[in-house]
Every structure is written in C-alpha cells, then in structure tokens.
Amino acid sequence: MNDSPWGAPSHAGYAGPWPTAGQGPVQGAATAGPAYDAHEAQQIRPMPIVPEMPDLPADGGKWDGPSDGALPGAPSSRDETPQEPMSAATPPPAPQKKSAGRDLGAAIGVGVGLGAVIVASLFIVKAVFIGVIAVAVVVGLWELTTRLAERKDTHAPLVPLAAGGAGMVVAGYVWGPEGAWVAMALTALAVLVWRMTAPPEGYLKDVTAGVFATFYVPFLATFVALMLTADDGAQRVITFLILTVVADTGAYAVGWRFGKHKLAPRISPGKTREGLFGAVGAAMFAGALCMQFLVDGGAWWQGLLLGLSVAVSATLGDLGESMIKRDLGIKDMGTLLPGHGGIMDRLDSLLPTAPVVWALMVLFVGSG
C-alpha cells in the first residue's frame, strides 16, 4: 500500500514515518535503501496513475467507448456473453443455383400454344395468319402507348395507330411494298390530325411518339405479310420464326451456362458475349437446314448467311426494346403472356428481323 498522502511508494524494510524538514532519521528506524534528503522528500511528488486511453481514430473523431461509461480496461457493467467461435468443421454455404428469372413452365406452355396457332393459320388459310399479325400489332401498340402514358406522360393517339397499323399489314399483303408505304404515310398523317383535337400542350412529343410507334410496330410487322405473298410464303415465314426462336434459345442456353463477359451491361445486364456466340451458332445451323429443305430454290450456304444475319438482328432488336424499357423504368411491357410478359416482349426480336429475312429471301431466291 501507499502510506504517503501523495501516493509515494513505501520502501521495503522501512516501517517508520517519513522524516520531516529539519529532522534526521527517526531514532531506531532501520533503513534498507540509500538515505534521502528531507528537502528532496518534500519536492518529489509522483504523478497519479491515469488509465491508458485507446488511440483516437485517424480522422480525429471521438472514441466510441462502451455505452455504460466504463473506462477502457475496466470491467463493464453490461452483461455480455462472448460469442462462440465458428467451428472449423462448419460447412460453407451451398452455392446458389442460377435462376431462369421467369416461370419456365408457363413460358413453354404459352410458347407452344402460340406456335400451334401460327402453324395452323399459316397452312390452312393465309388470310387467318394476316389476322393474327394484325391482332398482335394492335395489342403491341396498346401496350406501348399505355406504358408511354404511364411513365412519360406522353399520349400517342391509339385509335389512328391501331386502325392504321392493322390496315398497313393488310395493305402490304394485298398491294405489296408500295401499299405498305402508302398505308404508313396515311397512318402518320392520321396521328397528326387526331392529336389536334386535344390541347396544344405536349403536341410535339405526342405526335413524335405516335410516328415512332407507327414505324416500330406495324411497319416492321408488315414485312412478315410480304413474305407470305410468295408461292412458298408459309415456308418462308416458318423459316423466319424458327431462326428467330432458335437464336433467342441458343443465346439463353449458352449465356446461362457459360456466360461470363457482359455484352451490353448498361442496356441489358443479363446478355453476354458467350450468349451471342450461342445465338450465332444455333441460328446458322438452323438456317442451313431450313434453306436447304424448306425454301424453294434455297441452298445451305445461304442459310448460314441468313442465320448469322438473324442472330445479329434479333440481338439488336432485343437490346433496342431493353433500351426503351430502361428509359421507361419497367421490366416488361405487359402481363398478357404468363412467363413472357407482354406481346411486345415477344415481338422485340421478331420485328427488326422481319425486314432482314424478307430482303435476304428476295436476294437469294426471288420474291416468289
């Protein structure tokens, strides 16, 4: 113990009091250490012991000590139970499997149903298939204009778009490319006139969106009707559909299994370069078979070029619609098709691919 009021330590072997100023050592006191001068004994005062504080953070902030006010090193009043260390034998978490992102069962069922309707209408009565295209165009326009109104407050007039779009498909089938061009011009004019019945605020953006929708959905879809006008039109349309679906499927399968390098992360984070190679390979293989065995006068090497072109145009079409959806801040254009989204989510690859296939078919084997 410290016998001095200032905390001076006691010296081993000395049991008496400290000498005061002007006195010598106390009579009879035994000293074990060297003699101390009385004056020095008054001047030397040991500093009180202060608990060691932790280093402050490098940014000069306050010490974030215990919430109960205990000093560092002192027992805390909080009843803390130390956590048991994780055993070395604890197995690591199982890796999560890749998810397809959609209900595959519903997607396959809807795809098979749509395929049956298309095939039946193609090989029974061509006019029925033209009606299928027109219905798909009208529904696609409704989805697109609805999302524009909801997300961008842009109101493209649906009535002239729907009427003109359906008429455009029919005109292309009956009168060929010239009829499609005339119908498109009249539809765009109808959009400008129809929008004049509303207040002028927002007129420019509304009619711009309407003209864009006219080109994006019904005009591109008209090239499918143009394919159908050939003598082997049903086979050409089937080839077009097969190559587009195979390209999408090849991209999905290869990208899901081997995809590591992003193709366009800002537009569609799920697409990979490996998936694009899968689309090209699958479409070229299917194109060689279709041109050799389905299309009159076709050759396998033409199918290779056709498949390559379809893979590129289908990918660009998918990226184009992804760009629109990102701008609108939505995942799907609609919910009409379980497992697929909306009609526009299925037309995204087909629409830009239709003019490519039509032009190459005309180049390779003629208009029929």
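This is a predicted model: local features need pLDDT of at least 70, side-chain atom pairs count only at pLDDT 80 or more; totals for chains, interfaces and linings use all residues.
Residues are numbered from 1 along each chain as its sequence is written. Local features need pLDDT of at least 70, side-chain atom pairs count only at pLDDT 80 or more, totals for chains, interfaces and linings use all residues, and side-chain values use heavy atoms, with hydrogens and water left out.

Helices are DSSP runs (H or I, at least four residues), numbered from the N terminus. Axes are lines fitted to C-alpha atoms over the stretch in contact, with angles from 0 to 180 degrees between N-to-C directions. The crossing is right-handed, the near helix being turned clockwise from the far one by less than a right angle. Contact means heavy atoms within 4.5 Å. By class, the contact has 14 nonpolar, two polar and one charged residues. Ala, Val, Leu, Ile, Met, Phe, Trp, Tyr, Cys and Pro count as nonpolar, Asp, Glu, Lys and Arg as charged, and the others, Gly among them, as polar.

Helix 6 (residues 233-258) and helix 7 (residues 273-293) have axes that come within 7 Å and cross at roughly 145°. This crossing is also right-handed. Gly 250 and Phe 258 of helix 6 are among the contact residues, as are Glu 274 and Cys 290 of helix 7. The contact divides into twelve nonpolar, six polar and one charged residues.

Helix 8 (residues 300-328) has 29 residues and should span 42 Å at 1.5 Å a residue. The expected span is 1.5 Å times one less than the number of residues. Its end C-alpha atoms are 42 Å apart, which agrees. Gly 329 follows helix 8 with a positive phi near 75°.

Technical notes:
Helices (H or I, at least four residues) and strands (E, at least two) are DSSP runs, numbered from the N terminus.
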